[in-house]
Each structure stands twice: as structure tokens, then as C-alpha cells.
Amino acid sequence: MNDHNVPYTIVLFNGDCKICSKEICVYQTYGAGRELPIDFKDINAIDLAPFGLTRNETARQLHVIKNYELFKGVKAFVVLWNEMPRYRFLAKIFSLPGVTDVAQFFYYHIIARYLYARDIKRLKKQRQEYLLKAINLIERILFMLLLQII
């Protein structure tokens, strides 16, 4: 931890994404077991405004803040992996000239887009379910009011 009792590294991830959560859980478990100064924050459970970010933006790819500097996508993974001795070899591989750019292209344009599309689909379905529940509740209330009038 730093002087302000704030972890040096903050990982912002989409906890509602099953794939993201499984991967982050591995890192959380590893980091916690070694008391690494990494704070994992689910973007659905925190206010992102202090970071100058939105949920929509952070749901599109992994975000990592290290010493107040923001990293996104593959660069965020590299920063995270550098914090964990077991994964430093991945950080070295993905930091090689050319590898970072190619990996970022595939991550952002294929993997992250797929995960984001799944997230949007899940959110739309969730909104529809809430809307149906609200309509159902309104119908019940109206029916009860109608019964009282009659």
C-alpha cells in the first residue's frame, strides 16, 4: 500500500461478465494469497465518476490504474501481470515489440467486442425483465383499485 492507504494498482472489471469474473477471480485469489497491493473493483458495484470513467467505457475492456495512471486493454493486462510474480512471463511476452499492438488489435476488435456485445445483450434482457415486472405490478395495483371501486 502507498502512503495514502490506497493500493498502487486498481483493477476495474465487469463483474457481471461471467468470463471476465472467472479470470479476475484467479488473479484476486493469487493476489490475496500473497498480499499484493492490488484492489479489484467491480464496475457494477462502484461509482466510476472519481476515476473519470463511465460504466459503458469500462465495460468495453479491462482498465487498470497504477500509481494514478490509467491503462486499457492489453496494456492493462500487462500492468496487472507485472504485479504478480507468477504472471510476469505473460507481461514480458505481451510487452515485446509488435506483440502488444497485435494482441491489442485482437483483444479490442474481437475478444472485447464479443464480451461487450454479450454484456449489452444481458443488460437489454435484464431491462425487459424489469419492465415486464413493473407492468405486472401496475396491472395488479390497477386491478385492486378497480375491485375497491366496484
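I111 lies in helix α5, which covers residues 99–149, and in this predicted model I111 counts as partly exposed, at 45% relative accessibility. Together with V102, F105, F106 and I110, I111 makes a nonpolar surface patch of about 480 Å².

**Nonpolar cores**

- The largest nonpolar core has 25 residues, and those with the most contacts inside it are V11, Y27, F40, L62, L80, W81 and M84.
- Two or more residues of this core come from each of β1 (9–13), α1, β2 (38–42), α3, α4 and α5, and α3 gives the most, with 7 residues.
- A second, separate core of 8 residues includes L12, I43, L48 and Y116.
- Leaving aside residues up to four places away in sequence, M84 touches Y27, Y30, L36 and I38.
- In soluble globular proteins, nonpolar side chains tend to be buried together.

**Burial of helix α3**

- Helix α3 is largely enclosed by the rest of the structure, because 8 of its 10 residues are buried.
- The buried residues of α3 are G73, V74, A76, F77, V78, V79, L80 and W81.

**Aromatic pairs**

- A pair of aromatic rings is described by the distance of the centres and the angle of the planes.
- The count comes to 6 aromatic pairs when ring centres within 6.5 Å are taken as the criterion.
- One of these pairs is formed by Y30 and Y87, whose ring centres are 5.5 Å apart and whose planes stand at 85°, so the pair is edge-to-face, given that angles over 60 degrees are assigned to that class.
- Because Y30 lies in helix α1 (residues 18–33) and Y87 in the loop between α3 (73–82) and α4 (88–94), this pair ties together parts that are 57 residues apart in sequence.
- Both partners are buried, Y30 with a relative accessible area of 6% and Y87 with a relative accessible area of 11%.
- The rings of W81 and F94 have their centres 5.4 Å apart and their planes at 55°, so this pair is tilted.
- With W81 in helix α3 and F94 in helix α4, the pair ties together parts that are 13 residues apart in sequence.
- W81 is buried, with a relative accessible area of 8%, whereas F94 counts as partly exposed at 25% relative accessibility.
- W81 and F94 also belong to one aromatic cluster, which they form with F77 and Y107.

Definitions and conventions:
Residues are numbered from 1 along each chain as its sequence is written. This is a predicted model: local features need pLDDT of at least 70, side-chain atom pairs count only at pLDDT 80 or more; totals for chains, interfaces and linings use all residues. Side-chain values use heavy atoms; hydrogens and water are left out. Rings of Phe, Tyr and Trp (its six-membered ring) pair if their centres lie within 6.5 Å; planes under 30 degrees apart count as stacked, over 60 as edge-to-face and the rest as tilted. Helices (H or I, at least four residues) and strands (E, at least two) are DSSP runs, numbered from the N terminus. Buried means under 20% relative accessible area, exposed over 50%, partly exposed in between (1.4 Å probe, protein chains only). Patches are made of residues with over 30% relative accessible area and no salt bridge: like charges are joined within 9 Å, nonpolar side chains (Val, Leu, Ile, Met, Phe, Trp, Tyr) within 5 Å. Accessible areas come from the Shrake-Rupley method with a 1.4 Å probe; for residues, only the protein chains shown count as cover. A salt bridge is a side-chain nitrogen of Lys or Arg within 4 Å of a carboxyl oxygen of Asp or Glu. A nonpolar core is a set of buried Ala, Val, Leu, Ile, Met, Phe, Trp, Tyr and Cys residues joined through side-chain atoms within 4.5 Å. Contact means heavy atoms within 4.5 Å.
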